[in-house]
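Here is a short tour to read alongside the sequence and the 3D view. Take a moment to open both.

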Amino acid sequence: MTESDTPLPRHARGRRPHFFDDPAVDQMMSIVLEVIQELSVLYDRVDAMQRLLDQKGVLPSSELENYRPDAAVESQRQRRREEYLQRVFRVVRRESAVFSTAEAEEHVRGLEASLSDASNTA
Amino acid sequence: MTQELIHDLKLDRTLDESARQDFVAALRGFVLHDIAGDMRATYERRVKPEITRAWGHEPRDSAEVHRAMRETLCFKFYSAMRVNAQEMVWDSVRDQVQRGRARISEQVQHALRQGSLVLDPSVEVPRSVSSLDVHLMPGNYDREFGPDDATQGAFYDHGTVVFYMGLMGRDQGDIGRTISRWVRARYPDLPVRRVLDVGCTIGHNTLPWAQTFPDAEVHGIDVAPPVLRYAHARAQSMGVAVSFRQMDATQLKYPDDSFDVVWSSMFFHELPLKSIRQALKECRRVLRPGGLMIHMELPPNRALSPYDGFYLDWDSWYNCEPFYKTFRDQDERQLCVEAGFDPERFEQHVVPSLNWFGEEVFQRALDSVGKIDKDTGRFDQGLSWYAFSARK
């Protein structure tokens, strides 16, 4: 694996704050926001497509309704859905990604040391 | 649409990435304007009267407002949405940066062969940087994925474009440009031959000083090599000459009396108080007699109402900026005096953003005394920058 293939970390180190009485609500909030985002992304793309198709006189909107994907298209769609789920459920996966490694424990020790420096001098 | 960067290190994005970034910028605008407005109204109309009855006094400071607000649903939603929007900023550029790393690396390699970047392996990255992901940016300023790596610089540059919602201009330099222009106009007696930017990251607010003062020699220092490499390549791509050096602001390696202006932007609030004190002493040491130290910052709590203090302190509690509140609780004049500056030569500035307000409002402000209010330093309607300064 070359250096530029190493996946960039997705999660910030440190404890993630929660604001609702049940932390599950905070996680649901994240998921909902991601879904809203993806819906907005999709809307922009569909909008662009419909306008271009219409502009160029390529596709009357009635034909869209009758479209069915073939196997190759379906497998591309499947891959996209998998990436989509990684994004939408990122918060659920965070705990194992961040807190299961020795690096994370080292991080917490470092953080506590920095914070105690700060409070000693404040 | 989320702005495109102006230089050659700009990374391509897909249609969906672009839409995702546009959405995150819109979400931040919505949270910082609408939801924040609702939260303020809830505080004034409901929470403050209720708490005043219960406690026998109004909330007196930022921490008391925080305590009063913490259980309200509006605070919970505001906070949950802001944390998510912050995480989504970085996530919206992650794949773009991942894909572009090989190209960035080539450009940085090329840039490293010319110019005057000086990295110093003896500089230890302080724990306040190495152990935190400030602003929830995964990897922070300093993480390196290999030799001569500049990934985190690219990550920061592309992410902050989304974060600032276009407020900083296409070169991201509004703060540096606004304040350097302010200094040029307000201090006509000050010859500006050498300028130092401490904690410069990718140099986005360093370069405007070289543009405002074309004859000046401009230096930028930071502790983190990845952002300095990126800063160096970025400055070359923009055709602006700046010397970037790896150095700790608390242990500058420049001789005494060697700069006319020592500057920083959004830097001091990321330092532990001990380092702030030491860095201010160092700023003074390298400044020549008569020189100007000026730091753009968020306004101090003592200049704000308890609610406005709480509103800004939110980032200290929830955006991984643990030293931000401690800094903003200080009396900056006192800090400058402790560092050896004359209290009579300490000043505070409120400067209208050139990018937001344009030239005319900026010119008018030159003749007036700025006032810190609830909008100072906030990314909302009517953007003004706060700075404090002292002369040696």
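Is B:C336 buried or exposed? At 1% relative accessibility, B:C336 is buried, a word used here for under 20% relative accessible area, with exposed meaning over 50% and partly exposed in between (1.4 Å probe, protein chains only). B:C283 is buried too, at 2%.

A disulfide here is a pair of cysteine sulfur atoms within 2.5 Å, and the count over all chains is zero. The closest cysteine sulfur to that of B:C336 is in B:C283, 9.0 Å away, so the two are too far apart for a bond.

## How to read the model

This is a predicted model, in which local features need pLDDT of at least 70 and side-chain atom pairs pLDDT 80 or more, while totals for chains, interfaces and linings use all residues. Residues are numbered from 1 along each chain as written, chains are lettered from A and ligands numbered from 1 in written order, and side-chain values use heavy atoms, without hydrogens or water.

## Strands of chain B

Helices (H or I, at least four residues) and strands (E, at least two) are DSSP runs, numbered from the N terminus. In chain B, strand 5 (residues 287-297) has ten of its eleven residues buried.

Strands pair if DSSP finds at least two bridges between them. Six bridges join strand 5 of chain B to strand 4 (residues 259-265) of chain B, running parallel, and B:F259 has B:L287 as its bridge partner. Another six link strand 5 of chain B to strand 7 (residues 384-391) of chain B, running antiparallel; there, B:M293 stands opposite B:A390.

## Helix 3 of chain B

In helix 3 of chain B, 28 of 40 residues are buried.
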